[in-house]
Amino acid sequence: MRIRTAVPEDAAEVVALRALVHPYLVRGVESTRHMIAHPPPGEDWAAWVAELDGRVVGWASAYRNSQTSEPNFGEISLPHVHPEHRGRGGGTALFTAALAHLRAIGARRVLTWAQPEALPFARRHGFAPSRELRYSALDLRPTPPMPQPPPGVRLLSAAEVGPRLLHRLDAEAARDEPGDAPVDAMSYDSWQYEVWQNPGLDREASTLAEADGTPVALSLVKRDGDRMWSEFTGTLSTHRRRGFAGLVKRAALHRAAARGVRTAYTSNDGANAPMLAVNARLGYRPVASQWTCLRTLT
Ligand SMILES: CC(C)(COP(=O)(O)OP(=O)(O)OC[C@H]1O[C@@H](n2cnc3c(N)ncnc32)[C@H](O)[C@@H]1OP(=O)(O)O)[C@@H](O)C(=O)NCCC(=O)NCCS
C-alpha cells in the first residue's frame, strides 16, 4: 500500500470509497475534485490517498480550522480505509502523514473523527474521545409540504438574499453551536469558499426566514444528485424557541424535494438538544454516530 498526495483525478474513486465507508455523507465528485484542485485558502489544507494496485483504498485530509478563534487548531478529516484492506498499515500511514503535516504548520490541538469501532485506533494514536456526533436521515418521498409562515414572516431562497446577508446570519448563529472549538471566526472569504462558491450548494433550496424585515434564521442545503446535506441551520439567539429553525428547515426540505432530492442527511452534536428536537419533529431517523477525538501535539 502506497501513501501519496491526493490529486484532482482521484475524486471519483475518493467519493466511491466514502460512499462505502460513510454512506450518510454527501459530497459529490465535482465538489471533491474542486476541493483537491483548489483547497480552502488560509488553511494549509492537504490530503493523501492510500493506493493499492492502482486503486484508491484510503483517504485523509488535514488542515488548520480557520473558523475558530482558537489559534493553531488542526483537524484530520475523516481518515478512512476500505474495509477489505484494513489491518495493513494504511490507516497508520495516512495518520502519520497528516500529523507530520499538522506539526509542520504549527498545529497545537488536533481534532479527528472516529466511528465507534475505530476508537481503539484513535486512542493508539494518542487521541481521546470527546463528543458524540449523531448522523440522521430523512426520506423526502413524498415531498413534504411547504410550511405556511406566520404573519410578518417571509421565507426567501439563498439566491434571492445573496451572500453578504447569509454570511452574517450564519456566522452569528454558528457561535452557539456546541463543539470542541467555538465557531466564532467565520470570515467572509472562508464562508465564500465553504458555502457560497461550493459546487454542491443549492441556492434555490437553501432558505432564510425574515421576521418583520429582519433576517432571523437560515437553513443551508448542499446536494449531490438526489441526496442532500443540511450544511447548517441556525436562528439568531434573540429569536430562538419560536419555531424559526423548524420553519426554515421544513421549507428548505420542501424546496430540495421539489427539485429532485430523495434523501436528506444531517449531523448534530449529541449535546445540541434544540437541533436534535427540531430534527426529531421533522422525522429524521438516526443512521450512524461518530466521536470527535482530541490530542495535543508537542
Ligand atoms: C438549534 C437552533 C437552530 C434551534 O433554533 P430555534 O429557532 O430555537 O428552533 P425551533 O424554535 O424551531 O425549535 C426548537 C426546538 O428545540 C426544543 N428545545 C429548545 N431548547 C431545548 C433544550 N434545551 N432541550 C431540549 N429541547 C429544547 C424546543 O422545544 C423546540 O422543539 P419542539 O418544536 O419540539 O417544541 C438554535 O438553537 C441555534 O441557532 N443554535 C446554534 C447553531 C446550531 O447549533 N445549529 C445547528 C447546527 S447542526
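## Packing of α6 and α7

Helix α6 (residues 163-174) packs against helix α7 (residues 188-196) at an angle of about 100°, with the axes 11 Å apart. Axes here are lines fitted to C-alpha atoms over the stretch in contact, and angles run from 0 to 180 degrees between N-to-C directions. The two helices are therefore roughly perpendicular to each other (65 to 115 degrees). From α6, the contact uses P163, H167, D170 and A171; from α7, it uses Y188, W191, Q192 and W196 (contact: C-beta atoms, placed from the backbone, within 7 Å). By class, this contact has five nonpolar, two polar and one charged residues. Ala, Val, Leu, Ile, Met, Phe, Trp, Tyr, Cys and Pro count as nonpolar, Asp, Glu, Lys and Arg as charged, and the others, Gly among them, as polar.

## Model and numbering

The model is predicted: local features need pLDDT of at least 70, side-chain atom pairs count only at pLDDT 80 or more, and totals for chains, interfaces and linings use all residues. Residues are numbered from 1 along each chain as its sequence is written. Helices (H or I, at least four residues) and strands (E, at least two) are DSSP runs, numbered from the N terminus.

## Ligand shell

The ligand has 24 residues around it; T235, R240, A245, G246 and A273 come nearest (near: C-beta atom, placed from the backbone, within 6 Å). Elements giving two or more residues to this shell are α6, β10 (227-235), α8 (244-258) and α9 (273-282). Helix α9 gives the most, six residues. By class, the shell has 11 nonpolar, seven polar and six charged residues.

Notes: Parallel < 35°, antiparallel > 145°, perpendicular 65-115°, else oblique. Contact = placed C-beta atoms within 7 Å.
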